[in-house]
Amino acid sequence: MAVNSSGQRAGEAVFAAVDLGATSGRVMTGRVGAGTLVLTEAHRFANEPVRLPDGLHWDVLALYQGMLAGLRAAGRSGPIASVGIDTWAVDYGLLDADGALLGVPFHYRDGRGDGISRRLPEGCGAAELYAVSGLQHLPFNTVFQLLAHRATAQWEAARTVLLMPDLLVHWLTGSVGAEITNASTTGLFDARAGGWSDTLIGRLGLARSLFPPLREPGDPAGTLLAHVAAATGLPAGTPVTTVASHDTASAVVAVPATEPDFAYVSCGTWSLAGLELDAPVLSEESRAANFTNERGVDGTVRYLRNIMGMWLLEECRRAWDREGPATGLAGLLAGAAEAAPFAAVIDPDDEAFLAPDDMPSRIDAYLLRTGQQPPGTRGGYVRCVLESLALAHRRTLRRAAELAGREPTRIHLVGGGSRNELLCQWTADASGLPVTAGPAEATALGNILMQARAHGLVGGLAGMRRLVARTQELRHYEPRGDGRDWDRAEARLTGNHLPGNQLRGKEIPDV
């Protein structure tokens, strides 16, 4: 079979995935063909938020420059069939009537949405919002950020709201649209009808014209503008393909499941733990448990809860690195393996852990107010974090199964956390279910696969997942022990839970 200078065989194509996470961005290339799925990193760059006088923001221009540099690097490896973009959810930019960005997009950890849910108009209480959108109550949901933004001068000039991946697509192509998996995280999307909710938008006093037409993963999003083609070295007319632009939706595409009854944990800065369903679960029980119904590919529903994930460990390391030499992860994990089990456990979703800065001190404060002793070593902190995450995975998936009437037989743990052997094994031990770990680059793979499907190189979800299972490195963990130690730790944590924790769905006001 003929192979060109970049290793590409006849019947294969190479796609570029722009994958932006909360702490870093990268551009990956993926070579796809019959039985082939090869991922290569072209460029990686930091994603550092910027604190300005009015709050915490994303450095969106630095992200754009990093994306262009990555596309230049990707193009040097050979012809690129198309480009796709995924990012985190909920955050957005406002465009004026000329299509220019108004201000710098806010970071979801800014906190400006706190308390907004208590001041909503009649008919827009927690129960009414959930009955339509099915969205987990989080203080940084797009709907609350938009209502906070309404008090600014920028709002008066705003004509379009673009979520972060849609904003970057707009800068590449000049086109305007809203990709559906990300739109479903705004709180303004009708989970049953699968479109913007005119009812909620109207009740909240927002202009319907702010929200652009929806796009499905696989839809064409335009071609590179001339100046973008010149800046990246890619050919004029290179297509940009709509992918599942919410990074978790892309990650779920690449879950290597070969059986229907699976649960997943997409573990990075956040852990997104849940099930893939055919229809949303909009019951009052589901709302009270704070589960979210987000759109997946091909009309599926990602029924899940956000759990504070590796953010806790990342922030601990950042604090320790300020005290001295950089802290190696391998040494910290070795220390965690040697630390006493279940010496201290935390609720990762306690709102005290949401904001950045000095995470070890925040963990100490939580432990002291819940009658526990703070760890004496860094390994002890890491063990506390990882055991607590494993408990949160178990708790969330068991509740999801109850509410959805499903019984998963395996957990697929994908994303960067799948490289953490302690977390994977402890998730298996805590849940009593086997865990398949990997692929670590699930988000980029899902992005690539949706582009490849749009170009006719792969089939539906089942076929894409089989290709991932055949071509990517996976590890398997069987549960150990009888689970009683985890039961006792869970009981201790539940007894220590403090009221008023919005992230866990406790005492959310029905205003």
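**Pockets and a few backbone details**

Hi everyone, let's start with the lining of the largest pocket: by class, 19 nonpolar, 18 polar and eleven charged residues. Here nonpolar is Ala, Val, Leu, Ile, Met, Phe, Trp, Tyr, Cys and Pro, charged is Asp, Glu, Lys and Arg, and polar is the others, Gly among them. This is a predicted model, where local features need pLDDT of at least 70, side-chain atom pairs count only at pLDDT 80 or more, and totals for chains, interfaces and linings use all residues. Residues are numbered from 1 along each chain as its sequence is written, and side-chain values use heavy atoms, without hydrogens and water.

A pocket, on a 1 Å grid over the protein atoms alone, is an open set of points where a 1.4 Å probe fits, with protein on both sides within 12 Å along at least five of seven lines; lining residues have an atom within 4 Å of a point. The largest pocket has a volume of about 1,300 Å³, meaning the space filled by probe spheres set on the points, which are joined across faces, edges and corners. Of its 48 lining residues, C267, G268, T269, W270 and E314 lie nearest the centre.

Now the second largest pocket, at about 290 Å³. It has 15 lining residues, and those nearest its centre include P439. What is the peptide bond from G438 to P439, cis or trans? It is cis, with omega near 5°.

Last, N290: its phi is near 65°, a positive value in a residue other than glycine.
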